[in-house]
Amino acid sequence: MRLTYAQINLGNFKNNIKGIKSLFKPETKICVAVKANGYGNGAVQCAKAAKEAGADFLAIACVSEGIELRQNGIDLPLLMLSLCCPEEIPEVIKYSITPLIFDKEIIALYDEELEKTGASFKFPVHMAVDTGMGRVGIRPDEAGEIASAIVDSKHLLLGGMCTHFAVADSLTDEDIAYTEKQYDAFLTAIKNVEQLGINPGIRHCCNSPAALNHPDWQLDMIRPGIIVYGYYPDQITKDYLLKKGIDIDLKPVMSLVSGVCAIRHFSKGQSVSYGHTWTASEDTDIAIIPCGYGDGFLRRFNEIVKPVINGCAYSIRGRICMDQFMLDIGKSNSSVKRWDKVILFGDKSQGAFVDAQDIADATNTIPYEIMTGITSRVERVYIEQ
Ligand SMILES: *Cc1c(COP(=O)(O)O)cnc(C)c1O
């Protein structure tokens, strides 16, 4: 196996899910987001582990993700959060993927396709309500009409209703008020449906930040993503929860690991890597690490990540290349040997100097992007403890 790999700790993953579940009513369902290859952690393995930890649903973004899960024996209900094109609808049906529906054209497309397959059962769909995210969904005042269209169709069943929050991760007064308005609009949409005598099915709205900041909005199901992979949506939420005395002890699931593939002696005045941005001010040893931006270890990480070898953190020198970078291990460093393991980021309690949150904070992004950015040539290696 290559020196560079992503270690995925499924024990941490399952503990995160169990910790999250413990904050909610036992009957509240949990829909674990495994879209984007399980936020980079590996969709199939995470889906299996999620089921073991008590997940009721899995959330995916596109049809191919659903097919991959089905072909690997995953039998949980799959909720597809993004829209697909008409050509993909036969596969949505074939692989029992639950789509989000929010207009009559889509309802008709599904109904026609189900008619062709001669389905004798009703196919569940969830109705998305746009209460202020500005992405997919009907307006709350259309909920009754669209729910009726679903119920009146020949083959569709209203399996659930959902909405998505835009600023649930912010705790400014203005944003809290906005999120509360979204929640109220969702309740109104549900009421409009119920007043027509239609069962709204599973009602769900909480992504990770909403689940943590507004647990009383759990309704029938929550849809956490980032927290099951061990990261808070942001530091604000984490601080807020700690202040309330809630510590679910989330642990990062992914660690990016590499190894020393060569050690080279550099003399004072010698430069390293493209652009010669670093020149040795004294004699030193440089370890060559076979990992770069082609693995998702981006150039802008070079001032932030301090890779750890045998418990010591070292500085990256010069630019990170596509496939390699150089690490200054100091002169005659006998504690670092060729083929030693290097931890680039991950669980700090297991020796990493930084986690994906630290990298995200320093590069003006979110841990989601750091994890999903680890590319497909990086093998995912699964451990359980
Ligand atoms: C991705 C997604 C989630 C999970 O979001 P997190 O912030 O990772 O918890 C929930 N609901 C919808 C609609 C999503 O797109």
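Which helices each supply at least two residues of the lining of the largest pocket? The answer is α2 and α9, where helices (H or I, at least four residues) and strands (E, at least two) are DSSP runs numbered from the N terminus. The model is a predicted one, so to speak a calculated picture, in which local features need pLDDT of at least 70 and side-chain atom pairs count only at pLDDT 80 or more, while totals for chains, interfaces and linings use all residues. Residues are numbered from 1 along each chain as its sequence is written, and side-chain values use heavy atoms, with hydrogens and water left out.

Rolling a probe the size of a water molecule over the atoms shows where empty space is left. Here that is done on a 1 Å grid over the protein atoms alone: a cavity is a set of points where a 1.4 Å probe fits but cannot get out, a pocket is an open set with protein on both sides within 12 Å along at least five of seven lines, and lining residues have an atom within 4 Å of a point. Grid points are joined across faces, edges and corners, and a volume is the space filled by probe spheres set on the points.

The largest pocket comes out at about 630 Å³. It has 30 lining residues, and K35, M133, R135, H164 and N207 are the ones closest to its centre. Sorted by class, that lining holds 19 nonpolar, six polar and five charged residues; Ala, Val, Leu, Ile, Met, Phe, Trp, Tyr, Cys and Pro count as nonpolar, Asp, Glu, Lys and Arg as charged, and the others, Gly among them, as polar.

The largest pocket is also the space taken by the ligand (a molecule sits in a pocket or cavity if more than half of its atoms lie within 2 Å of its grid points). Around the ligand are 13 residues, with K35, Y39, S208, I226 and Y368 coming nearest; to be counted, a residue needs a heavy atom within 4 Å. Both α2 (35–39) and α9 (208–213) put at least two residues into this shell, which splits into six nonpolar, four polar and three charged.

Then there are the polar contacts, meaning pairs of N or O atoms within 3.5 Å (within protein, one must be able to donate a hydrogen and the other to accept it, and residues adjacent in sequence count only if both atoms are side-chain atoms). S208 has a polar side-chain atom 2.5 Å from a ligand oxygen, and for R135 the corresponding distance is 3.2 Å. On its own the ligand exposes 390 Å², and the protein buries 91% of that (accessible areas come from the Shrake-Rupley method with a 1.4 Å probe, and for residues only the protein chains shown count as cover).

Helix α10 (235–243) and helix α11 (356–362) each give at least two residues, and α10 gives the most, with three.
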